Structures are given as structure tokens and as C-alpha cells.
Amino acid sequence: MSARTSLIVDVDTGIDDSLALLYLLARDDAEIVAVLSTAGNVPTSQVAQNNLAWLELCGRTDIEVAVGAAGPLSTPLRTTEDTHGPQGIGYAILPAPTHRPSDRTATQAWIDLTRERPGELVGLVTGPLTNLALAVRADPALPARLRRLVIMGGAFHHPGNTTPVAEWNISVDPEAAAEVFAAFSEVPADRTPIVCGLDVTERIVLRPEHLRRIAELSGSTPVETIRTEDAPSTRSATSNPVVRHLSDAVRFYFEFHRDHGQGFIAHMHDPFVAAVALDPDVAQYRSATVDVETEGRITRGQTVADWFGLWGRPPNARVALDTDPDAFLDDLVDRVATFARTVDRAVKGSGPEA
Ligand code: BDR
Ligand code: CA
């Protein structure tokens, strides 16, 4: 088996999903086999457009983008443009992509790709679990064919970010999440899904100085600092296209967090979970049996973890409870900066660096 980790990435791009994609593209130990688009932060067609646009900006039109289900399994879609901007990418206006999504659905891609490469692929889901739930309904043997499943979702010893107890990705489609956790109860104990909830992902606190460091290290000029006192929707004028669009996207996320009393920061949930997908050792876990409340009047979408086997059901998840946020953020800054510099040089036709 290759030293690279091959991934199916299912996203609802999304500002932090965008940075997760850039981070994965930056890692030469990652092979992105396909980017699947799920409805969540914005509608699925917009998610697909965002995925295509980021990949094209980075010169990676070779990667398949598939469109997923239009909405959750059994409820209308809620989107969150207030968090991620009118198109899901904050203030960024990416060049319109010239390539198109593939002909197969995201659900079909989950099924086909895991059949083509059984036991090889890591599934990374940083949006609602709708596409994967549909795939498992159609093909119940799918969980056994994945090498590993890593999910951004849930809140365990932590308040929710969508309701007092529910995290966004699970809250959008609780039925899908419940079906996925149930379906993956059957996989061998050493392959139970990894679940990264807000307990760890809200510790991944990106600040303006991180973006400044990315600009500096990438050689982008001028090096800018995003400030809370800037006029809203100020756009970056820095030279590197990846840094410029990333800055425009993340500025919106800083403003959202500030306007919700969390400071001029952004929780970078999805990039961290992308790192976990490549190397689970960057977090510490506790095994539990996880289920999702789908009916509660005020608890719908809550992830409930049975840590002590009280339900008499075997563990079906490794719940991430600790990590070293600074180590991850340093890695993110270094890799994305290096990648941005490489993309810029390729665009300018100056070839790879010596
Ligand atoms: C999750 O919700 C989305 O808005 C983010 O992209 C992330 O995947 C955090 O709750
Ligand atoms: Ca997301």
C-alpha cells in the first residue's frame, strides 16, 4: 500500500471546509480521490461550485467533484449564510470554475470508489452525513470497505453551536447521522469511526496573525493584517491568489465569531479534522457508543455518548477529546503557505522551486 493516504472528502464548503481542502491539497502524503458535495452551510449546487472553484484555483482540475443530495433525509434543508457568507466562502469571490461536476452523484461515488479500492480509502466528512447515509442505505456493506471514517460532528462534554446541545453538521440531518453511527457499529473494533466534535474543534482557534504568517511565508505582498476595526467586507489586495481569497473568506468567519461574543477569531473545525484523517495520532480519544437524538423537543440533533456500556451495545466511535492546538496551527500555517507559494509560481509559469 502506498505511503500516501487516499481520501474521499465529503464537505459542505463552507469557510473552514475551504481551508480543509487547501490543507489537504498542501499535504503531499494525501491523495484526494474525490470531493463530494453535501448540502449544509449552503445548498449542494453552491457547495459543488465552491469545490470546483478552489480546486481550479489550485490547478487541480483532475480531482473529481460530485454533487450530493439536495437536502437532509427527512427534513427541509437549513443553510447558514450568516456564518459562511452568501456563497459559503465569506467575502471571497473565486474565479468561476470552467470544469464541471462528474456525472455520478456523491452517493454513487461513495459506493463506486470503495468498491474499486476496498480497504484502502479513508472517508472524511466535514458536513452533514446525508450522502454517506444514502450510500450506506443503498449498499450496507460499504462500512466494511472503508479503511477509516473520520467525522467532524457532535458535541460531547461541550455545548452545541446550533442549539444548546447540538452541533451544526449533526443538527442539519440528525437522521443521517443516526443511520451512519448505527451502520458503522458493525465494523471491526480497530476501525470504529473517529468523531471530532466541538470539544476539540473549538480549541482550534485561528487568529489574524496566523493569516499574516501564511502571507509572509508564502512571499505574498503586501503582507496584510486583518483587523476588527476594518470596514466590513474589506477585500485583500495581497498578490498571492490563494492567500488573497483565503483572507477574504476567513475575514467573514472572524467577524461572525466576533459578533457572537467569541472574539476576533475563527474556530477551524474542518482543517483539524482533515489532519486527523491523515494521522489519527494528532488527537487523543475515548471509545463510546454514540447515538443521535432525533426526536427530542429541545434535544434533537444531540450526540449522546454511552461511555460505560450502559446500553449494552459495543462502542461504535472513538471520540476525540484532546489535542495540541498550537502544533496543528503551526503545521497548517507552514503547509498552506508553502502550497500557496507553489501555486503562485505555477500560475506565473516559473516552474517548481529548486
Ligand atoms: C461545522 O459546521 C459547519 O458550519 C462548519 O463547516 C463545520 O463543519 C462546525 O459545527
Ligand atoms: Ca463543514
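This is a predicted model: local features need pLDDT of at least 70, side-chain atom pairs count only at pLDDT 80 or more; totals for chains, interfaces and linings use all residues.
1. Local features are taken at pLDDT of at least 70 and side-chain atom pairs only at pLDDT 80 or more, whereas totals for chains, interfaces and linings use all residues. Side-chain values rest on heavy atoms, with hydrogens and water left out.

2. An unreviewed UniProt entry places the feature "domain: Inosine/uridine-preferring nucleoside hydrolase" at residues 7–330, and such annotations may be inferred rather than shown by experiment. This span is 37% helix and 17% strand, and its end C-alpha atoms lie 23 Å apart; helices (H or I, at least four residues) and strands (E, at least two) are DSSP runs numbered from the N terminus.

3. Ligand 1 is surrounded by 13 residues, of which D16, N41, N161, E167 and D270 are the closest, a residue being counted if one of its heavy atoms lies within 4 Å. By class, this shell has three nonpolar, six polar (Gly counts here) and four charged residues (Asp, Glu, Lys and Arg). At least two shell residues come from each of α1 (15–26), α7 (168–172) and α12 (269–278).

4. Polar side-chain atoms approach oxygen atoms of ligand 1 at 2.5 Å for E167, at 2.7 Å for D270 and at 3.0 Å for D17, where a polar contact is a pair of N or O atoms within 3.5 Å. On its own, ligand 1 has 280 Å² of accessible area (Shrake-Rupley method, 1.4 Å probe), and the protein covers 97% of that area.

Terms used:
Residues are numbered from 1 along each chain as its sequence is written. Chains are lettered from A and ligands numbered from 1 in the order in which they are written. A polar contact is a pair of N or O atoms within 3.5 Å; within protein, one must be able to donate a hydrogen and the other to accept it, and residues adjacent in sequence count only if both atoms are side-chain atoms.
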